[in-house]
Amino acid sequence: MRSVARVRRLLASLLAVVLVATGCGLNNGGSVPLSVGPGPQGVVPELEGVKVTVGGKDFTEGVIASYLVEFLLAAAGMEVSDMSSLAGSNSFRQALVTGQVDIGMEYTGTAWMSYLGNDEPVRDPQQQWEAVRDADLAEHDIRWLPPTTVDNTYSFAMNRATAEATGVTTFSEYADLVRSDPQAAVSCMETEFSVRRDGWPGLAEAYGFDAATVPTPIMQPGIIYQATSVGRECAFGEVYTTDGRVKGLDLVVLEDDKRFFPVYNLATVVRGSYLDAHPQIEQVLEPLIDLLTNEVMVELNMRVDVDGEDPALVARDFLVAEGLVTAG
């Protein structure tokens with residue numbers, strides 16, 4: 001296991017060299033997409049006029065999370081450069097490690113498994129965050145601020161008719177269904193999930209069913225949600241638990257009662273030297289820790305993916321409603 005972890009770390013290091021050499025396809029970033037004014041606490045004098053580059057990932061939740069950070073820092077008086085929507089997790093990670101990005105939001109499970117090269121997740125959310133915090137500090141001087149309770153992990157979902165017909169609410173009950181009638185458990189998933197150790201093979205092992213007996217159509221993520229909602233091709237579908245389409249399509253998510261899937265809590269990550277120079281940032285972003293929950297994130301994501309709203313407007317409106325910033 002340790003040799004695998006070392007190989008993963010080596011590959012990540014080589015990728016960092018390539019990305020730096022090619023510039024990652026990155027530029028110096030743009031301006032904040034919408035203007036904001038200070039909240040009740042006003043501008044933070046120590047941060048006024050300080051330059052900061054905020055990075056993020058190019059999917060709905062990643063973009064929203066980036067904008068939340070950007071608007072809070074801008075309202076505190078900082079001069080913010082926007083580098084949200086970087087293509088893929090590795091691009092954001094390497095931009096952070098190499099100093100092209102100062103701050104952003106990341107998932108504990110992603111860092112632990114993908115960046116830090118571990119083969120097994122830590123199932124307890126607090127212990128997972130602590131393990132990532134300690135390892136990333138020691139290896140990269142990346143600081144992890146306390147996590148939110150947003151947990152964008154894997155699960156399966158079904159439509160209401162399937163839920164009523166099968167009576168399945170947990171993965172243990174799903175496993176019982178597979179053993180009794182595998183054709184009734186046809187499950188749609190992405191290619192990657194179908195072979196990942198923390199995906200389909202590991203799920204079958206953890207819950208004690210024969211994965212080979214279940215029909216598993218392979219689909220693109222967006223198609224899975226719609227097909228599961230219709231219920232003809234997919235009785236069950238692989239989903240991310242905070243995806244807005246879960247609520248928008250009225251899907252029922254299975255409970256991972258044995259806690260097989262890794263914890264993917266969302267937390268702020270900052271370059272250590274930058275946080276040392278500007279420690280007030282932690283207090284500015286602290287409200288996100290309690291405000292961001294799965295329920296809140298699903299609602300914000302749904303406004304973008306289902307209702308078609310602009311993610312920048314969604315993020316700013318949320319912070320305005322919470323009294324943390326004013327609309328500029």
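A pocket here is an open set of grid points with protein on both sides within 12 Å along at least five of seven lines. The model in these close-ups is predicted.

**View 1. The second largest pocket and the residues around its centre.** This pocket has a volume of about 380 Å³. Its lining is made up of 17 residues, and if you want to find the middle, look for Q41, G42, V44, Q283 and V284, the closest to the centre. Helix 2 (60–75) and helix 13 (280–285) are the elements that each give two or more residues to the lining.

View 2. Which helix gives the most to the lining? That's helix 13, with three residues. Sorted by class, the lining has 10 nonpolar residues, six polar ones and one charged one.

View 3. Most residues other than glycine have a negative phi. You'll find D250 in the loop between helix 11 (244–248) and strand 10 (252–253). Is D250 buried, partly exposed or exposed? With a relative accessible area of 38%, D250 counts as partly exposed, because that label covers values between 20% and 50%.

**View 4. R259, another non-glycine residue with a positive phi.** Phi of R259 is about 55°. R259 sits in the loop that runs between strand 10 and strand 11 (266–271). Its relative accessible area is 45%, so R259 is partly exposed.

Terms used. Residues numbered from 1 in each chain as written. Predicted model: local features only at pLDDT ≥ 70, side-chain atom pairs only at ≥ 80, totals over all residues. Heavy atoms only, no water. 1 Å grid on protein atoms, 1.4 Å probe; cavity = no way out; pocket = protein on both sides within 12 Å on 5 of 7 lines; lining within 4 Å. Points joined across faces, edges and corners; volume = space filled by probe spheres on them. Helix = DSSP H or I, 4+ residues; strand = E, 2+ residues; numbered from the N terminus. Nonpolar A, V, L, I, M, F, W, Y, C, P; charged D, E, K, R; others polar. Buried < 20%, exposed > 50% of the residue type's maximum accessible area, 1.4 Å probe, protein only.
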